[in-house]
Amino acid sequence: MTGYIIFDFDGTLADTSEGIVKTVQTTLDTMGLPQQPAAQIKATIGLPLSETIRLGGRVPEERVEEGVSIYREKFFSVATGHIKLFPGVRETLLEMHDSGIRLAIATSRGANSLGVILRNYGIYDIFDEMATSSDNYEPKPSPEMVLKLMERLGATAAGTLVVGDTTFDLLMGKGAGYRTCGVSYGNHDRATLASVSPDFIVDSFPEIKRILAYESDGS
């Protein structure tokens, strides 16, 4: 039985891709650097911000730190209007929480911006634990982030499910020995997710409840 679920945030709980892309593009403009294709930037979402700037924005190594600083300065003014929870996320999370499942987040996003977004949607308090880039754990796909979360929660691998929209998330969970569930509506498509053999793939967030119901039936 699943008693603990660890969620990625960007592309899994919230549709942030447009806001991230626009903020990277604004950052490049501010730095006087050439614009890069949106698809190229989007492909790096889920990695640490420095990698999104370096790889997605093609920012020279010696200017990556500058780019990260500018991105963080610009993010809320540029991206806020483009961030929204995916359909059914809030309702499903509240239902899971009310049923006794303990919820956590493992994200490459910083703690400050994550907290602001969660509070805006009234779901900050339903999460028992969060691991963010602010914790300075090894980045995805390293399993360190979820392993540290499980230490803090006192959870076991058998009762834990890791949910994410990218192969980085799924490899993180698999590396820790946990079951994994990919969501196909985010930044990596179903075929890409399937390439790392997750235990489940769903096409909408509320479908995760079917996995939990299947387990509770003992099927």
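User: Which helix supplies the largest share of the lining of the largest pocket?
Analyst: This is a predicted model, in which local features need pLDDT of at least 70, side-chain atom pairs count only at pLDDT 80 or more, and totals for chains, interfaces and linings use all residues. On a 1 Å grid over the protein atoms alone, a pocket is an open set of points where a 1.4 Å probe fits, with protein on both sides within 12 Å along at least five of seven lines, and its lining residues have an atom within 4 Å of a point. Helices (DSSP runs of H or I, at least four residues) and strands (E, at least two) are numbered from the N terminus. In the largest pocket, α3 (49-56), α4 (64-79) and α6 (111-120) each supply at least two lining residues, and the largest share, five residues, comes from α4.

User: Which residues lie nearest the centre of the largest pocket?
Analyst: Residues are numbered from 1 along each chain as its sequence is written, and side-chain values use heavy atoms, with hydrogens and water left out. The lining comprises 28 residues. Those nearest the centre are L49, S108, R109, G110 and S133.

User: How many residues of this lining are charged?
Analyst: Asp, Glu, Lys and Arg count as charged, Ala, Val, Leu, Ile, Met, Phe, Trp, Tyr, Cys and Pro as nonpolar, and the others, Gly among them, as polar. Twelve lining residues are nonpolar and twelve are polar. The charged residues of the lining number four.

User: How are α1 and α4 oriented to each other?
Analyst: The axes of α1 (residues 17-31) and α4 come within 8 Å and cross at roughly 125°. Among the residues that meet are G19 and I20 in α1 and E66 and G67 in α4. The contact of α1 with α4 has eight nonpolar, six polar and three charged residues. The two helices are therefore oblique.

User: What is the phi value of R58 in the loop between α3 and α4?
Analyst: R58 is placed in the loop between α3 and α4. Its phi is positive in a residue other than glycine, near 55°.

How values were computed: Axes are lines fitted to C-alpha atoms, for helices over the stretch in contact, and angles run from 0 to 180 degrees between N-to-C directions. Angles under 35 degrees count as roughly parallel, over 145 as roughly antiparallel, 65 to 115 as roughly perpendicular and the rest as oblique. Contact means heavy atoms within 4.5 Å.
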